[in-house]
Amino acid sequence: MWIGLGRGASKGVTGMIVFNKKLWVFTETTIDVINGSNPAMMRADPYSRGLGCIAPGSIAVGADSLFFLSADGPCKITTDGALHRIYKPIEPIFTHDYPSGISTTIRANSDALSGAQGIVWKSRYMVAFPEVGNTTNSRVLVWHDVYGGFTSLTMPAKFWFRPERRVLLFWDYARDAWNAVDGKRDPGANIPVLIQPTYNSL
């Protein structure tokens, strides 16, 4: 079966995921939604033009939201179909367009963002991405739905945290991706130093 994307879709699919009983298809600059339960009746409807997903691994689904990383920063789509540009307060991290007189050490490496990785845990979306000077992910931004804002942390040599007693969640540098093990088990030699990260407000 072949389904063409809606008019104006750019070439090169960067990710697909099921959310809210629909298939969402991303390119770097567009988003389409595949509708229809009968294969013969399925169609692609344009959802967004000019904004898409630049990192397949950044796409993550929570209880009522779909998150992804656009060229301008993190975004989310809610079950009512609304697109939320949650990156607005931190957009300069990704565009480097800081107001005059504002300096910061947080600047994303735009040339390596395709390797960014995201996960959702409870009401938090955590996305790891490379900063300028790095080609692998070096910083984590955490979106908190509870108060609608971001916190940030620099990834130490070995990074982990325990969101629940049953799970040990950590950044696996060998895979450059999130990983998890049973919280009662020792994660092993790949993580010899366990460090509780410190969150910094943005």
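The model is predicted, so to speak of local features a pLDDT of at least 70 is needed, side-chain atom pairs count only at pLDDT 80 or more, and totals for chains, interfaces and linings use all residues. Residues are numbered from 1 along each chain as its sequence is written, and side-chain values use heavy atoms, with hydrogens and water left out.

Rings of Phe, Tyr and Trp (its six-membered ring) pair if their centres lie within 6.5 Å, and planes under 30 degrees apart count as stacked, over 60 as edge-to-face and the rest as tilted. This rule gives six aromatic pairs. In one of them, Trp24 and Tyr47 have ring centres 5.0 Å apart and planes at 80°, so the pair is edge-to-face. Trp24 sits in strand β2 (residues 22-27) and Tyr47 in strand β4 (residues 43-49), so this pair ties together parts 23 residues apart in sequence; strands are DSSP runs of E with at least two residues, helices are runs of H or I with at least four, and both are numbered from the N terminus. Trp24 is buried at 4% relative accessibility, while Tyr47, at 26%, is partly exposed (buried is under 20% relative accessible area, exposed over 50%, partly exposed in between, with a 1.4 Å probe and protein chains only). Phe19 joins Trp24 and Tyr47 in a cluster linked by ring pairs.

As for the cysteines, there are zero disulfides, a disulfide being a pair of cysteine sulfur atoms within 2.5 Å. The sulfur of Cys75 has its closest cysteine sulfur in Cys53, 9.2 Å away, which is too far for a bond. Cys53 is buried, at 0%, and Cys75 is buried at 0% too.
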